[in-house]
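Biologist: I'm new to this one. Can you put it on screen and walk me through it?

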Amino acid sequence: MDKAADCCSTHLIDGDGTLNSAGLDKFMKEVKLAECGLSYAVVSIMGPQSSGKSTLLNHLFHTNFQEMDAFKGRSQTTKGIWMARCTGIEPCTIVMDLEGTDGRERGEDDTAFEKQSALFALAVSDIVLINMWCHDIGREHAANKPLLKTVFQVMMRLFSPRKTTLIFVIRDKTRTPLENLEPVLREDIQKIWDSVPKPEAHKETPLSAFFNIEVVALSSYEEKEEQFKEQVANLRKRFFHSIAPGGLAGDRQGVVPASGFRFSAEQIWKVIKENRDLDLPAHKVMVATVRCEEIASEKYSAFVKNKEWCELEETVKSQLVPNFGKKIGSLLDTCFAGYDEEAVFFEEGVRNAKRKQLEEKLLLLVQVAYESTLQHIRSEVLEKFIKTFDDALSKGRGFQVASRDCTASFMKLFDEQCKGAIVKQADWDSSKARAKLAQDIDSHIAEVRTAKIADLTALYESKAKEVLYAPVEALLEGAAEDTWPAIRKLLRNETKTVVSEFSDALKGFEMDEDAKKNLLSRLENFARDVVEGKAKEEAGKALNRMKERFTTIFNHDNDQMPRIWTGKEDIRAINRTARISSLKLLAVLAAIRLEDYADKIEDTLLLALTEPSKGAKSSNLQDPLATSKWEQIPASKTLITPVQCKSLWSQFQKETEYAVSQAISAQKANKQNNSWLPPPWAILALFVLGFNEFMTLLRNPLYLLFIFVGFLLLKALWVQLDIASAFENGVLTGILTLSTKLLPAIMNLMRKLAEEGQRPPPTANARIN
């Protein structure tokens with residue numbers, strides 16, 4: 001066994017069932033297993049204790065497993081599971097030497113480890129050698145029939161079985177030919193296979209679909225050593241290139257990459273250790289747990305990849321899927337039926353528990369689509385509700401009636417559509433989506449109600465402003481003693497009308513009385529604000545309004561015709577009348593009097609500004625306007641304080657003085673224009689100084705003709721230019737007026753003379769006629 005030096009034998013699992021992770025890791029590094037990829041094979045051997053398993057492996061694979069010392073008696077040599085590298089065989093081949101079965105050391109009742117190790121070997125091995133005595137063929141226990149039964153069942157259901165090669169090694173072959181021994185052995189194996197419960201899909205599946213059965217026979221090592229070694233050497237050749245097509249390794253589809261062998265072995269042993277019950281009731285639980293989980297995982301993956309589900313899942317993200325519940329229910333039924341069919345032979349409790357987990361997992365997956373469906377239903381129902389509700393309002397239905405009827409109708413529609421989304425396998429409740437829909441509907445109704453009430457409020461506020469603004473402006477412009485009583489009456493009557501109409505418009509909303517009174521009160525306050533706002537606006541233009549009134553009264557007579565200052569008018573009286581009227585206007589604009597305050601603003605202003613001497617005496621030499629508030633008028637209602645009134649009046653007087661002075665000047669100019677004769681001294685001087693010129697005219701009558709023609713021309717110009725009217729408003733104004741009219745008048749006169757000169761003389765017939 002010199003060649004066994006580099007086999008790196010390692011104690012993988014000790015007799016207590018503890019897996020040597022550090023040793024396994026070291027082994028993989030020594031043999032560089034991780035570099036092999038998928039080019040490796042695993043061989044294990046199982047069989048009765050002291051049947052020569054280690055001896056066979058050492059000769060077959062050049063390993064150095066410990067062998068039994070025949071001189072010390074038959075006892076347990078291999079404890080647990082040992083592993084080593086097969087020396088000189090390519091590709092890399094790992095061999096595992098299992099503890100023998102039926103050993104007296106563990107006793108008759110402790111067979112769990114034997115079965116666990118056998119199961120482990122079967123799970124990780126490509127080739128399993130089953131060592132058995134030739135004289136035990138046909139016997140029940142010696143031939144490991146119970147163990148083989150467990151192996152077959154688990155291989156098919158627990159570890160996603162791949163085709164494994166079972167080589168039955170018949171030791172100490174007798175003279176009975178192998179051709180006679182092999183049929184008996186194969187018949188026993190077939191009976192075990194037939195007795196194993198199988199899923200419906202594998203009821204007719206032959207043993208050859210899962211296992212390649214090989215039978216070899218070896219002579220006795222002790223009696224015929226040379227013949228034994230020759231037979232072993234021939235068998236060894238078959239392990240070269242065992243993973244190649246047609247090799248001993250068989251099916252390689254489920255092989256774990258070499259780099260993951262350690263983790264795979266650890267996990268398999270962990271699962272087996274946690275379910276140490278291959279021959280006990282718990283054995284079913286272990287097998288069922290792993291296999292049912294595997295089946296459930298397969299069904300879940302198949303469901304996720306199902307084309308119909310993928311299309312439905314994608315569609316439901318963007319739109320409502322009709323009959324969603326029915327379609328999903330059908331897919332789930334198919335999935336669960338497939339699980340039930342494959343898991344029917346496993347332990348009922350585990351099968352049902354894993355089925356429930358599968359249901360929960362699938363329903364959790366489907367629930368997202370279900371909630372999306374509810375969302376689409378809610379959105380569509382809400383959209384239809386909004387349209388129908390708005391249409392009902394546009395057709396004149398009462399707001400509250402329309403909201404109540406539409407809400408009931410569309411909540412019912414939501415409930416009906418949700419029935420089509422119900423998944424029968426799930427106990428889901430659409431109450432949250434229904435509550436959200438009800439909340440959205442209530443929110444929309446509240447928004448529409450608020451908007452409608454706001455529109456109505458704006459409408460009637462506009463009406464109130466329309467019926468108050470212009471009339472109040474007119475009343476304030478024509479300010480008189482009854483201005484504020486008239487405004488109060490106007491405000492009261494118009495507000496009553498508008499508020500009554502507004503109240504009738506609000507009846508359709510079925511509002512509570514407090515809210516309704518609040519809205520009506522706001523409208524009344526708005527009407528007052530319109531009046532007060534207009535009063536403040538007019539107060540800001542008080543000076544202009546006073547000047548306009550003064551100009552209107554001062555420059556127009558009682559018939560509203562422009563005054564012509566002929567000299568007969570009493571300018572002082574007219575001025576006083578205009579100023580007093582302007583002062584009364586100021587008194588009206590000085591304060592807001594929507595309540596009857598019985599104030600004396602007008603009297604105070606007249607007394608203090610038109611008759612200051614009397615005002616000083618009546619107030620004990622104190623200026624009545626030297627204050628910032630009016631008696632009996634609240635400060636908030638004061639628009640122009642007494643001090644401001646005094647300032648405005650002073651400014652008003654300054655800005656109207658010019659108009660008065662102009663009137664006086666015009667009156668004087670008019671008087672001068674009406675006096676045509678010069679003074680007597682001028683007449684005498686004209687006679688004395690013009691005597692010689694007068695005599696010259698008498699001596700030469702032709703001059704008189706020229707003077708007469710010139711007089712006619714000047715008279716025509718006088719009439720054309722209306723010189724008398726031009727100088728009524730003053731000399732400077734008359735000169736400027738004549739300067740613009742003179743040239744056009746001369747041209748007009750020359751044109752008329754030219755036309756007269758070109759007119760043909762009348763004929764004789766015309767003169768006769």
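Modeller: Let's start with a helix pair. The crossing of α11 and α12 is right-handed, meaning that the near helix is turned clockwise from the far one by less than a right angle, with anticlockwise called left-handed. Helices here are DSSP runs (H or I, at least four residues), strands are runs of E (at least two), and both are numbered from the N terminus.

Biologist: Before we go on, what kind of model is this?

Modeller: This is a predicted model, where local features need pLDDT of at least 70, side-chain atom pairs count only at pLDDT 80 or more, and totals for chains, interfaces and linings use all residues. Residues are numbered from 1 along each chain as its sequence is written, and side-chain values use heavy atoms, with hydrogens and water left out.

Biologist: Back to the pair. At roughly what angle do the axes of α11 and α12 cross?

Modeller: Roughly 155°, and the axes come within 9 Å. Helix α11 spans residues 348-394 and helix α12 residues 399-419. Axes are lines fitted to C-alpha atoms, for helices over the stretch in contact, and angles run from 0 to 180 degrees between N-to-C directions. That angle makes α11 roughly antiparallel to α12. The cut-offs are: under 35 degrees roughly parallel, over 145 roughly antiparallel, 65 to 115 roughly perpendicular, the rest oblique.

Biologist: Which residues make the contact?

Modeller: From α11, they include L374, I377, V381, F385 and F389. From α12, they include F399, C406, F410 and L413. Contact means heavy atoms within 4.5 Å. By class, the contact of α11 with α12 divides into 14 nonpolar, four polar and two charged residues. Nonpolar covers Ala, Val, Leu, Ile, Met, Phe, Trp, Tyr, Cys and Pro; charged covers Asp, Glu, Lys and Arg; the others, Gly among them, are polar.

Biologist: Which residues form one aromatic cluster?

Modeller: F385, F389, F399 and F410. Rings of Phe, Tyr and Trp (its six-membered ring) pair if their centres lie within 6.5 Å. Planes under 30 degrees apart count as stacked, over 60 as edge-to-face, and the rest as tilted.

Biologist: How many aromatic pairs does that rule give?

Modeller: Twelve. Take F61 and F239: the ring centres are 4.9 Å apart and the planes are at 80°, so the pair is edge-to-face. F61 is in helix α2 (residues 53-61), while F239 is in the loop between α6 (225-237) and α7 (261-274). The pair links distant parts of the chain, 178 residues apart.

Biologist: Are F61 and F239 buried or exposed?

Modeller: F61 and F239 are both buried. Buried means under 20% relative accessible area, exposed over 50%, partly exposed in between (1.4 Å probe, protein chains only).

Biologist: Give me another pair.

Modeller: F550 and F652 are also edge-to-face, with 5.7 Å centre to centre and 85° between the planes. F550 lies in helix α16 (residues 542-555) and F652 in helix α20 (residues 642-673), so the pair ties together parts that are 102 residues apart in sequence. F550 and F652 are both buried.

Biologist: New topic. Where is L358?

Modeller: L358 sits in helix α11. L358 has a relative accessible area of 2%, so it is buried. Leaving aside neighbours within four places in sequence, L358 is in contact with A296, K299, Y300, C335, F336 and Y339. L358 and S297 are 61 residues apart in sequence, but 7.9 Å apart in space, C-alpha to C-alpha.

Biologist: And what about a strand residue?

Modeller: V169 is at 0% relative accessibility, so it counts as buried. Not counting residues up to four places away in sequence, V169 touches L56, L129, I130, N131, M132, V216 and L218. The C-alpha atoms of V169 and A217 are separated by 5.7 Å, and these residues are 48 apart along the chain.

Biologist: Now zoom out. How many helices and strands are there?

Modeller: The chain comes to 26 helices and seven strands. Of its 769 residues, 41% count as buried. Among contacts with a separation of 6 or more, 73% come from residues 24 or more positions apart.
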